[in-house]
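Me: I would like to learn how to read helix packing and chain contacts in a model. Please show it to me first.

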Amino acid sequence: MTQAAATEHHEPVENTSTGLNSRKLMMWAFLASDVMFFGVFIATYLVYRGKSLVGPYPSEILDIPITSVSTFVLLMSSLAMVLGLHYVKAGEKNKATLWILVVVVLGAIFMGFQFYEFRTFAHEGLTPRTNIFGTTFFILTGIHGAHVTIGVIWMAFMAYSSHFGQLRQDNALDLEIAGLYWHFVDIVWIVIFTVIYLISASDGPPLGVGPTIIHG
Amino acid sequence: MANLWHKLTQHDGNGWWNLPHGPSNELNPPFEGPIGGAWFGNLWRTLTHGNVSHAGVGFYWLVGFVLAVITLLEVWLFTLEGLGGWFIPILLFLSVVKFVGVVAYFMHLRFDNRMFTFFFASAMIIGILIFSILLVIMKYGNQPVLF
Amino acid sequence: MTTKSLRMPQLFPRPKSSTGIWSWIGTVDHKRIGTLYGITSFIWFIVGGLEALMIRGQLASAENDLIGPETYNQLFTMHGTTMVFLVIMPLSAAFFNWLIPLQIGARDVAFPRLNALSFWVFLFGSLLINFSWITGNAPNGGWFGYAPLSGATFNPGLGMTYWVVGLNVLGLASIAAGLNFIVTILNMRAPGMSMFKIPIFTWMTLITSVLIVLAMPVLAVAGIQLMTDRVYGTHFFNSLGGGDPVMWQHIFWLFGHPEVYILILPAMGIVSEVLPTFARKPLFGYPFVVFAGAAIAFMGWFVWSHHMFTVGLGPAANTAFSISTMLIAVPTGVKIFNWLGTLWGGNIRLNTPMLFSISFIAMFTIGGLSGVIHASPPTDAQQQDTYFVVAHFHYVLVGGALLGIFSGIYYWWPKFTGYFLNEKLGIANWALMMIGFNLQFAPMHWLGMDGMPRRIYTYGENMGWETSNMAASIGGAILGLGILVFIINVFYSKMNKVMAGNDPWDGRTLEWSTSSPPPVHDFDEIPQVKYRDDFWFQKYPETIAEYHHDEHDQAVPSGAQLDEVEEALPVVSGGSYGHGDGHSAIHLPDMSYYPFILALGIAGLGAGFLSNNVVIAVGAVILVWGLIGWAMEPVNDPK
């Protein structure tokens, strides 16, 4: 971007060497770091995909309809997030608070789905100790769930600040930074949903393991 | 082709999918839309451009709607049989579209300073490269001859 | 704040005093944090050195039984872990903290409290990992903790759990510091200081920080996976459950190879500062050094499997990684030639820092060359896990990183303290270190060629290894003596102060323009920068024409030939902390004890994984207290 374009921008130009806000820059650098963090987990999952020696296998246990709903919920929370930020920037406090609350609620619902899913899986005999699918699945989605939890708490603080007038147009950046984190958690789930759920959902036992099904 | 790439990646307010930075960047006369008629341009502007911002509420709803549709499409594709070898590439492509949609529009990378994109993209590129190499090694590495 | 204020009730008053223990616990001053980093990591350096001396004592003669095999395993594991994570990385961090704000003309780092957090987390992490000595259960699986040897099946007990938990805590500290320095260097530069005018040490810090931020998460994942394997019985590296121990090697070296450059790049930066000063010439080919550093940082990601040539990855993978490993020697070689070019025709003064820097070039070249030898898989198969490898990486890490750091210590000591380190003792220190180092590690080359494996606690009398091992052990003692001379030097110089002025070495970069030691606010007035090595040209304006003969170059301060790179990093305005409201108001962040508390909480969580869930809960409570308190605390209390 040329300097001319930068000054046309709405964002106030910060008094830094790059003209960018330091906290926002750090958040992006942190997200870059987190990309590598989740990248290793996802790569681990993919390397170990279909290597489980005993069941339950993904094809027996993954519940795509339920997860589709929770994926949808998390995706919509991202929409609510960006709307909340828009209204904070526009100075419409009540709408902003409402949409940030929607983020909190949708995030909490997502956590609820994940809790339910973990409980059901454990009930059906899949724990992190059962097989390599359980190991990689639970640790990856669990770490993601921890990120969501942090995000929900963060957003709850934001909703609180917004309601009590602490979050205004001039410090909308606080919400924008929290929002970057939230959207990042969402895009990680986009990858997880595709890779772990949709693509792996038909994974059965590896060749030569488990009961052999002879097709007529 | 280069022009299309430019329009997709640069933000100068010149295509109908490009949102201007502010009122001063609005095209004058207003763009009439790819399928003709001022009504489309008006509709598009009303829908998407906020009064002051480069992207309005309508635009975010639109992006959200598209993302939701893609998710539904993914689930629908999942129930289909007979996609065979195309299933994984199609799904990966769709999830990349969703990924880019959120990053570009919800996280504002499309409108923001390019340094943020640089940060994020470098991590993505390094990550995708090394983890792809890792997957290939783990899958084919122990075979005596690869090529 | 017109509406009601969100303040956390404070359990302790905010620290205010500038002396005493609370002034250190609450400090957010980058110089004090740098000092804390330096002292702490030097103490660990002594610990790690003593571990090395015990290893050398054990290996001095054949069939020795000075220490048993169990202790020996713990010693080499902790020696490696300590030297890599508790010594060289934090010693570099000490330099980052002290120098980056001074070199870019800022009053502090971008996030002073985060900076304090990094240090405290590092301190607690290092204490946690070394606490295992007290429990008698020190880690014993090697510094790279290869699975399944590090797994619960073959390594019961808490030893390796201490190791993974400690490394994860340390990784957190490194990531926080890395983020901080990236933002500091990009955002806090003095007015006029574009990216291609920042000192080369700052550039290397930026590149190192990027590597830290991207590589440390990989180690964190490896640590989490190994920890859940050990503590909760998952199967990541357990082949009975479908896992694969080779994955540990991949993940660890995915981190481990960038880590190698994290260790060496800061030392390269230090040397690139010392050489021009003592050769009284600008660094030869500054952009080449920068781009070579960036190229190393990028290529460093694609060479990790050269640590695994004997795993059996197949010919295709081995060939590819062999090629990439040979390629990465190119930018490293570029740097060596740049340093030689800097010395060429210079007006060289052989002070202690310069002696260390020149030795760095020589020793690092030897270590680098033995590294290139390993790039060939057939050769590597011969040398894998022998003392040849030990010789290689000690030449790179001691002869490289450590000599560079000592060079930096002697070079910047007057700036840090206001007085010189004694020159005679300094030269004795250098000579003893060089003799001891070479006597210790050169014989390891032929020991390795002769087939002596790493990590064996003793060897037979008929192997013919006794003479070389004895030489190495004597060398180790001499090296230790050199370090002892350094410690004596520190105290001697403190008692017999030879005061240094602001600019004792006739330096080139901005840190020499302020007083020694610098005031709390670093610069009375934020400098305005026009040239690379601006301070030099302020002192010797007559040399401007010599180095900036291109008129256009003078007219456009950003440097015309680098415009394209500049464009990506636009300088809208100069800025540093508290600089916005003019020069008059010097405005520093207040002290805070929340970083300490937050770090305590993180350490509590870590300790919880080693003991029980109650400790985790206590740690979590402290962590939340620290977080909320931190978030609610304004950077500056209203006056």
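Me: Which residues in α12(C) meet which residues in α13(C)?

Reply: Two conventions come first: this is a predicted model, in which local features need pLDDT of at least 70, side-chain atom pairs count only at pLDDT 80 or more, and totals for chains, interfaces and linings use all residues. Residues are numbered from 1 along each chain as its sequence is written, while chains are lettered from A and ligands numbered from 1 in the order in which they are written. Two residues are in contact if their C-beta atoms, placed from the backbone, lie within 7 Å. Helices (H or I, at least four residues) and strands (E, at least two) are DSSP runs numbered from the N terminus. On the α12(C) side the residues are C:Tyr387, C:Phe388, C:Val389, C:Val390, C:Ala391, C:His394, C:Tyr395, C:Val398, C:Gly399 and C:Tyr410. They meet C:Gly426, C:Phe437, C:Phe441, C:Met444, C:His445, C:Leu447, C:Gly448 and C:Met449 in α13(C).

Me: At what angle do α12 and α13 of chain C pack?

Reply: Axes are lines fitted to C-alpha atoms, for helices over the stretch in contact, and angles run from 0 to 180 degrees between N-to-C directions. Here α12 (residues 387–417) and α13 (residues 423–449) of chain C pack at about 165°, with their axes 7 Å apart. That is why α12(C) is roughly antiparallel to α13(C); the classes are roughly parallel under 35 degrees, roughly antiparallel over 145, roughly perpendicular from 65 to 115, and oblique for the rest.
The crossing of α12(C) past α13(C) is left-handed, a term for a near helix turned anticlockwise from the far one by less than a right angle, with clockwise giving right-handed.

Me: How many nonpolar, polar and charged residues has the contact of α12(C) with α13(C)?

Reply: Ala, Val, Leu, Ile, Met, Phe, Trp, Tyr, Cys and Pro count as nonpolar, Asp, Glu, Lys and Arg as charged, and the others, Gly among them, as polar. This contact has 13 nonpolar, five polar and no charged residues.

Me: Is α3(C) parallel, perpendicular or oblique to α6(C)?

Reply: Helix α3 (residues 69–104) of chain C packs against α6(C) at about 125°, with the axes 10 Å apart. That makes α3(C) oblique to α6(C). The residues in contact are C:Phe96, C:Leu99, C:Ile100, C:Gln103 and C:Ile104 of α3(C), and C:Phe201, C:Thr202 and C:Thr205 of α6(C). By class there are five nonpolar, three polar and no charged residues.

Me: How many residues do chain C and chain A put into their contact?

Reply: Chain C puts in 39 residues and chain A 37. On the chain C side, α5 (159–187), α6 (200–232) and α7 (245–279) each supply at least two residues, and α6(C) gives the most, with eight. That side divides into 23 nonpolar, 14 polar and two charged residues.

Me: Which element of chain B gives the most to the side that touches chain A?

Reply: The contact takes 36 residues from chain B and 37 from chain A. α5(B) gives the most to the chain B side, with 13 residues.

Me: What share of chain A and of chain B is buried?

Reply: A residue is buried if 20 or more other C-beta atoms lie within 10 Å of its own, exposed if 12 or fewer, and partly exposed in between, with C-beta atoms placed from the backbone. Of the 216 residues of chain A, 52% are buried. In chain B, buried residues make up 27% of 147.
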